[in-house]
Amino acid sequence: MIVTINPATEEVLADYPVMSQGDVEAVLHQAEQDFIQWKSVPFEVRRNLMVRLGALLRDEKEQHAALISREMGKPLSQAAAEVLKCALICDFYAEHAEAFLQPEEIAVDGSRGMVTFEPLGLLLGVMPWNFPFWQVFRFAVPAVMAGNGVIMKHAPNVTGSAIAIEDLFRRAGFPPHLYRTMHIAFEEVDRLTGFMIAHPSIRAVSLTGSTAAGMAVAEKAGRALKRSVMELGGNDPYLVLDDADLEAAVTVCAASRLLNSGQSCIAAKRFIVHTRVKDRFEALLVARMKGAKMGDPFDPETEVGPMARGDLRDQLHHQVEQSVRDGAQLLCGGVMPEGKGYFYPPTVLSGITKSMAVYGEETFGPVAAIIEAADDAEMVRIANDSPYGLGSAVFSADITRALAIARQLETGNCYINAMVKSDPRLPFGGVKQSGYGRELSSYGIKEFVNIKTLCF
């Protein structure tokens, strides 16, 4: 049985039956039959269904946002924005998928060459709870528009969202088994995920989650010679140069650190600040973090809701306490609140050195770590001194200088004077232990197709 819990109140929301291996096999068989038909469906039909899916999301924004907020604690306004972003990606690939996958002709001596992009088959998605709709849609929408089928293994604490998404695809008019969700008991996740990856019906796998989860799934995919895309953890550096507009920088930095109560792989985590502006930046950031209202996700004034699970809050608090014991200065927050709900206050730590947990580890919650640097070169060195390489940002009045620094950062994404975010028009992904492969844009839709060469 899967049991979901409201993280703001710790009350049980619902319980759901789980699938056996036989159930999983039956779903894979049904999905493969629908894929065999779907792969030949013209783009015009796919486009119309995807537009309808986007329209359903917009029409039902409030109910889906409320479900997200109940299951994982996201403030309601942010949950509504997540649902609308899913509608946006439906519209984007409805409009552009056919052009992205047009055959390409290449001149070859004495003959003609052509490259085509053909669907692979059933794709397995292993998705997290922190953006329970968006993470799924940014994988599933281009996959389906490319002619593939999708099998989803979603996070158990957002099972209601997982069921709602499957229902949305079905009501939009897609074949009933083209997009299916597997409900797997916690103790069976490793075995049955491995079973699905090895199954001949599954042709590739995409995972968004922790680096540890990515390593485990990538190992299984490699053993089965299945293609994979991994979007994993991050310890994103935000570099604040000595010529930055500090008020504007703090607004962006705090927004990035507090979005989704800090539970985002691309949230700002390490603030690497030039010595000349460190004290002023620190004071502004502390004031902003202290002023952020924490509380009921359904209160429109709330900026910071609860963390999604109690164990995640405990882990974050341990990282803070360990860093303070090792010499970090606690400027605000850092105290576990009393009462119901998995809340954790916005927290700022300063005087961070390499020996501290918050320097090298991913902090998945509203905790900001300030690291002082003497010049641009030291800022780049500290930023790259990480096993992760997902997002980064540079704040400077000199765009040429900022871009020169951005080119040196070992990350998959870098924004200048803005927070890192995913956008359907831009490729998204990381390097090092933040994973490999790309989602979104034309690059993302081509991750899960057979790039076939024809010569005639």
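## Aromatic rings

Phe100 has a relative accessibility of 19%, so Phe100 counts as buried (buried means under 20% relative accessible area, exposed over 50%, partly exposed in between, with a 1.4 Å probe and protein chains only). Phe92 is also buried, at 11% relative accessibility. This is a predicted model: local features need pLDDT of at least 70, side-chain atom pairs count only at pLDDT 80 or more, and totals for chains, interfaces and linings use all residues. Residues are numbered from 1 along each chain as its sequence is written, and side-chain values use heavy atoms, with hydrogens and water left out.

The whole structure holds 13 aromatic pairs (rings of Phe, Tyr and Trp, the last by its six-membered ring, with centres within 6.5 Å; planes under 30 degrees apart count as stacked, over 60 as edge-to-face, the rest as tilted). Phe92 and Phe100 form a tilted pair, because their planes stand at 50°, with ring centres 5.9 Å apart. Phe133 is buried, with a relative accessible area of 0%. Phe137 is buried too, at 0% relative accessibility. Both residues belong to a cluster linked by ring pairs, together with Trp38, Phe169, Phe174 and Tyr179.

## Lysines over rings

Lys74 places its charged end over the ring of Phe131, 4.0 Å from the ring centre (a charge sits over a ring if NZ of Lys or CZ of Arg is within 6 Å of the ring centre and within 35 degrees of the ring normal). Lys446 lies over the face of Phe117, 4.7 Å from that ring centre.

## Helices H3 and H4

Two packed helices are described by the angle between their axes and the distance between the axes. Helix H3 (residues 61-72) packs with helix H4 (residues 76-100) at about 125°, and the axes are 8 Å apart. Helices (H or I, at least four residues) and strands (E, at least two) are DSSP runs, numbered from the N terminus. Axes are lines fitted to C-alpha atoms, for helices over the stretch in contact, and angles run from 0 to 180 degrees between N-to-C directions.

H3 and H4 are therefore oblique to each other (under 35 degrees counts as roughly parallel, over 145 as roughly antiparallel, 65 to 115 as roughly perpendicular, the rest as oblique). On the H3 side, the contact uses Lys61, His64, Ala65, Ala66, Ile68 and Ser69. On the H4 side, Leu76, Ala79, Ala80, Glu82, Val83 and Leu84 take part (contact means heavy atoms within 4.5 Å).

## Helix H7

Helix H7 (residues 189-198) has these buried residues: Leu192, Thr193, Gly194, Met196 and Ile197. They pack against helix H1 (21-38) and helix H8 (211-223). Their strand partners are E5 (122-126), E6 (149-153), E7 (179-182) and E8 (202-208).

## Two serines with positive phi

Most residues other than glycine have a negative phi. Ser261 has a positive phi of about 55°. Ser261 sits in the loop between helix H9 (246-258) and strand E11 (270-274). Its relative accessible area is 1%, so Ser261 is buried.

Ser441 has a positive phi of about 60°. Ser441 lies in helix H15 (residues 441-445). Ser441 is buried, with a relative accessible area of 3%.

## Asp279

Asp279 lies in helix H10 (residues 278-291). Asp279 counts as exposed, at 56% relative accessibility. The C-alpha atoms of Asp279 and Ile36 are 62 Å apart, and the two residues are 243 residues apart along the chain.
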